[in-house]
Amino acid sequence: MKKNLYSRREFVKQNSLAGIGAAFSMSMPPAFLAVNAGETSVPAIMGGNPVRNQPWPVWPLWKPGEDEDQLLSSIRSGVWSRANIVDEFEKKWAETVGSKRCLATVNGTNALIAALAQYDIGGGDEVIIPPYTFIATAQAVLMTGAMPVFADTDPETFQMDPEGIEAKITPRTRAILPVHILGLPSDMVRIMEIAKKHNLVVIEDACQSWLAEIGHKQTGTFGDAGCYSFQNSKNIPIGEAGAIVSDDEEFMDRCHSYHNYGNPFGTTVGDVGAGTVMLGTKLRITEYQAAIGLAQIKRLGEQTDKRWENGEYLKSRIGRIPGIIPYKLYPNVTKAAFHLFPFRYKKEEFKGLSRADFMRAMSAEGVPCMGGYRPLNKMAYLAHAFNTKNFKRMYSAEMLDYKRYMEQNQCHRNDQLCEEAVWLFHNILLAEKRDMDDIFNAIEKIHLNAEKIKNRT
Ligand SMILES: *Cc1c(COP(=O)(O)O)cnc(C)c1O
């Protein structure tokens, strides 16, 4: 199959050089000439041969021989509720990210809620969040009773723009919740400066960002606490699980107590024999989840380096195609984790071919991609939350005026980003460097054939 692929490419290459290659040499840099797909080739969406007909690496990854010893012995032991393996997992994750402590939780959403709750963030408080994130970020804030306030996105980096944060601070603001969205680090240095100046708590949503670094320090370790997700699609897949990390021992003791019905833990103790000491819930993970997690963490470093290398290579290649604008990193970033690989698609440079059709054409060429988030500041869950009994008791009618809220929380740059973004899933970056060229070739083929694809019947 591979042999066929190459010979077909060779054929197309010859054709394109002899044919329309010359016309392109006038306006394109030389690298653009090394194309495999010319106008003579038929887009796969119109019945042509796809650029790629091999599968991408599977996700999640599970290697029975290497991964199962601890998992099987935990299952066979009958010790399934939280015990030694969960302790081991927490110790391992704290070490891995460079934090003093780690607490494993049932998921990332509840890691965020637990962390916010330990800073007594709740009814009447405001928490600044980006609109370009997974829904769980906003829901976590609402679940504490606090009000999410949206600060606009920098479309170049896909991250919350520090420039817009200060204008959103009011006397009610208690915390900033930056999200290292897509696994690309947010501008933590500037966000920490702003937080310090205004005496705000910072909880990092690192639920897509494992081992990403700013100045060789990991995301999740800049703020008062960092939260992670190990849901099945994430770069550490456990099915469901999450974690909180922090260097603050007392905070971590409170988190531990909270995750275990409020029972005493460490410094969180009441009078001897007083029983349960604080408000809490139940967020513990099982021993077998921790065993799966430990198996996944073993290969995380190598996988992250590969995604980072392939991501930067792919960026350097596709960035040359008109209308494709890859992510930008802040200058102090030393590693990105790439839960997703993002770029912006400018249809003006593709003869007006819609993003939806571009993505359909990409999938047909063997490179599946997604359009990403819709604006989180414009969805019905907000009105629903404002209409709950709790919110009506905690906030004035003015603060719950939905129209007013919507006006104050407009994020125009984010709206546009949501129209233009295209994502590749992180498993694609686990392929080899030469496989990244397939992605370049697919985009370029669509670029060359944009008019034809747009007008297809
Ligand atoms: C996945 C995710 C979460 C929530 O994690 P779960 O484990 O699914 O609860 C929170 N924030 C972001 C940015 C995420 O991607």
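What radius of gyration would a compact globule of 457 residues have, and what does the protein have? A compact globule would be near 23 Å and the protein has 24 Å, which agrees; the radius is taken over C-alpha atoms, and the globule rule is 2.2 Å times the number of residues to the power 0.38.

This is a predicted model, in which local features need pLDDT of at least 70 and side-chain atom pairs count only at pLDDT 80 or more, while totals for chains, interfaces and linings use all residues. Residues are numbered from 1 along each chain as its sequence is written, and side-chain values use heavy atoms, with hydrogens and water left out.

Figure 1. Helices (H or I, at least four residues) and strands (E, at least two) are DSSP runs, numbered from the N terminus. The C-alpha trace spans about 85 × 55 × 40 Å along its principal axes. Of the 457 residues, 56% count as buried (under 20% relative accessible area, with exposed over 50% and partly exposed in between; 1.4 Å probe, protein chains only).

**Figure 2. Strand β1 (residues 101–105) is mostly covered.** In β1, 5 of 5 residues are buried. In a regular strand the side chains alternate between the two faces of the sheet. R101, L103 and T105 point one way from β1, and C102 and A104 the other way. Strand β11 (residues 242–246) runs antiparallel to β1 and is joined to it by 5 bridges; two strands pair if DSSP finds at least two bridges between them. Opposite L103 stands I244 of β11.

**Figure 3. Three strands form an open sheet in the order β12-β14-β15, with antiparallel pairing.** The edge strands, β12 (324–326) and β15 (421–425), each pair on one side only. Neighbouring strands are turned by 30° against each other on average, direction ignored (axes are lines fitted to C-alpha atoms, for helices over the stretch in contact, and angles run from 0 to 180 degrees between N-to-C directions). Helix α11 (residues 355–364) packs on the sheet and touches β12, β14 and β15. Between β12 and β14 (residues 340–345) there are 3 bridges, and I324 has Y345 as its bridge partner in β14.

**Figure 4. Helix α4 (residues 69–77) packs against helix α10 (residues 287–318).** The angle is about 175° and the axes are 8 Å apart. That makes α4 roughly antiparallel to α10 (angles under 35 degrees count as roughly parallel, over 145 as roughly antiparallel, 65 to 115 as roughly perpendicular and the rest as oblique). The contact (heavy atoms within 4.5 Å) is made by Q70, L71, S74 and I75 of α4 and E287, Y288, A291, I292 and L294 of α10.
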